[in-house]
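I opened the model to look up its fold, its sheet and its surface. My entries follow.

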Amino acid sequence: MADAILTVKHLNKSYGHQPVLRDVSFECTQGRIVGLVGANGAGKTTIMKAILGLLSTDGEIQIAGESMQFDHHPILATVGSLIEYPSLYPYMSGWDNLRLFADGPYAQAQLVGGEFLNTWLLLSLVLLIAALFKSSGAAVAVGIIGYFVLGMVNIPMIALIRKYTWLKWNPLNMFNFSAQLGLPTLSKITKLTDVQLFWGNLAYIILFLVLGLLFFRRREV
């Protein structure tokens, strides 16, 4: 049998002379989902607050085998909670809601990786534009102007994507990759998943670098 990740034994709680919890006992084993079902005022929130050390109760609570007390609960540093007022988006999947509030090493690594790809996409595109000009001065000027123009045309491009869905594969839309990693709801605008944006960024980076190299060599001949 799997070890209990949460154990509640003989939990009792009263407000004045009004008992709210009476000898409540249950276990949550690892990998299982447990739901508390009851009418308003049955004590569901009181149980959850007791588990999180937000109020004192009579009884025993253990999290991952460690006893939890009202005035001493270091184990809660490893526990996530959301009580009473869940700020969730009903039009998003459960996974996307979790990603939206994620703040760990993996989430941070994703954001850094997305920004890295977007930076390379921008550099490769600017280099390609610059390589199209024979004059080095003109190439530098166009590259700088192109950098600022890209940010301006991205907004009207999003409007066009709504009307012409096939435009979602254009390179300008790929610049939304890092932003979408931080805000999953942007997938409704980009019309692309994170995976599609990742491969799209990679494909355009390679394409722009190869074309830029070819044009640069032809210019030098």
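What pattern does the chain follow, read along the sequence? I read β-β-α-β-β-α-α-α-α-α-α-α. I noted that this is a predicted model, where local features need pLDDT of at least 70, side-chain atom pairs count only at pLDDT 80 or more, and totals for chains, interfaces and linings use all residues. Residues are numbered from 1 along each chain as its sequence is written, and side-chain values use heavy atoms, with hydrogens and water left out.

I counted 8 helices and 4 strands; these are DSSP runs numbered from the N terminus, helices being H or I of at least four residues and strands E of at least two.

Next I looked up the sheet. The 4 strands form an open sheet in the order β2-β1-β3-β4, with antiparallel pairing (a pair needs at least two DSSP bridges between the strands). β2 (18-29) and β4 (66-67) are at the edges with a single partner strand each, so one side of each has no neighbour in the sheet. I found 2 bridges between β3 (residues 58-63) and β4, which run antiparallel. Ile-63 has Glu-66 in β4 as its bridge partner.

I then checked helix α1 (residues 44-51), which lies across β1 (4-15), β2 and β3. The angle of α1 to β2 is about 65 degrees, taken between N-to-C directions on a 0 to 180 degrees range, with axes fitted to C-alpha atoms, for helices over the stretch in contact (contact means heavy atoms within 4.5 Å).

Last, I took the chain totals. Of the contacts with a separation of 6 or more, 55% join residues 24 or more positions apart. Buried residues (under 20% relative accessible area, 1.4 Å probe, protein chains only) are 34% of the 221 residues. The chain exposes about 14600 Å² by the Shrake-Rupley method with a 1.4 Å probe, and carbon and sulfur atoms supply 64% of that area.

Technical notes:
Buried means under 20% relative accessible area, exposed over 50%, partly exposed in between (1.4 Å probe, protein chains only).
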